[in-house]
Amino acid sequence: MSPSMSERLRRQLAARLAKPRRVFVTPGGDEFAAWCREHPGTAVELIVSARALHELVAEPGLPLPDLDAVQAYAQQQFAHYFGAAAQRFAIAPWTLGDAAGASALHGLDLGALRGQAAAAGVRLQAVRPAWSAWLASLPAATRAGSGRLVWHEGVEGAMTAVLIQLDRGRVTGLQSRRVHSLADLGAEEPLVVGTPADALAPQPGPATPLPDFLPRSGRSSLAWPLAATGALVLATAAWSAVDSHRALDAAQAARDRVATLRPTAAPRPAVRSARAEPTENRSAAEARALLAMPWEPLLTRVEVAGAEAKTIAWLGLDASAARGELRLEGLTPDKLLALQLAEQLGSTPGWRQVVLSRFSVAETGLVGQRFEITARVATGGGS
């Protein structure tokens, strides 16, 4: 049985507010299809097996000023080595300082992955190579050092390994190899060895390459999630009012049928006008007020302030039009950044009583400090 419109809206809203979980996928992606069926209305970051990837690091000094240039260069190189098959590869370029490279997705159908996520109401936030997620999870001292790191998958006799060469934090080499055992990689002792069984939670420290196979947008990473969250809040509130109205109508019709079957019964007072209408009116009024709120400037200000803070990661947004209140939740490595963010929002026209209302250690699985900012904001009605 397919979910109702209201259920789909609620799933989409839940997915927008959810912290993405990480799912490791291998060529074919069968595990992701099963995961989506079991976790509707959630968010996910896919970590792609090295067995589904080709890697490239650009030669130093090439004129590759941005990601578009890196992607065009990588497409040419992959076409040279893999021929017509490369036309089907999804490309994830990356730059870090004067280093640049790209990953090519050859063992998974990106369109199919996105379709599976959409069908289950799952928000697909990123699709990244496993080696890049693992590199970002290493201690800062390791990431800033020099030497060879090894990410490997499989069992002895049938291993896929990615050799990552670091030079004072710069990624200068990426090589994917199929080997019988780690001994086949040479005598040089790696700085660290990682496998899919290792935790992949990002750690504070030097920046690392973050290639992503999802299409790049011209807006910042905060814009669409926040805009969609606002839109879904409105849609869900409006649909809840409609559901309430339909339920009340059905209940009234049932009472009318009972009254028809018992013509001698004493007339009963109208229940709907005494108790139901205020609830229905409140829901409808809240939906109308949410629709009237100035979402564009509100979300733009949140987006800009978060982008300026750089290390802020948004977790959720909640709004009450009736009270003119907005609540933001996020993660930050430093309480000072959260205080500065609250000060920036407090200086915005239309924002009042901006307070850092909560600051605590993040739950298990989250990195950083969790904070909550509450504010009074001007609504469409001028409150």
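**Cores and a helix face**

Guide: Phe 32 touches Val 25, Val 44, Leu 46, Leu 113, Gln 116, Ala 117 and Leu 124, leaving out residues up to four places away in sequence, where contact means heavy atoms within 4.5 Å. This is a predicted model, in which local features need pLDDT of at least 70 and side-chain atom pairs count only at pLDDT 80 or more, while totals for chains, interfaces and linings use all residues. Residues are numbered from 1 along each chain as its sequence is written, and side-chain values use heavy atoms, with hydrogens and water left out.

Visitor: Which residues touch the most other members of the largest nonpolar core?

Guide: A nonpolar core is a set of buried Ala, Val, Leu, Ile, Met, Phe, Trp, Tyr and Cys residues joined through side-chain atoms within 4.5 Å, and buried means under 20% relative accessible area with a 1.4 Å probe, protein chains only. Of the 23 residues in this core, the two that touch the most other members are Phe 32 and Leu 46.

Visitor: Why do the buried residues of H10 line one face of the helix?

Guide: Helix H10 covers residues 335-346, helices being DSSP runs of H or I with at least four residues, numbered from the N terminus. Its buried residues are Ala 338, Leu 341, Ala 342 and Leu 345. Seen down the axis of H10, they line one face because they fall within an arc, taken from the directions from the helix axis to the C-beta atoms, of 100 degrees.

Conventions
Helix = DSSP H or I, 4+ residues; strand = E, 2+ residues; numbered from the N terminus. Expected span 1.5 Å × (residues − 1). Buried < 20%, exposed > 50% of the residue type's maximum accessible area, 1.4 Å probe, protein only.
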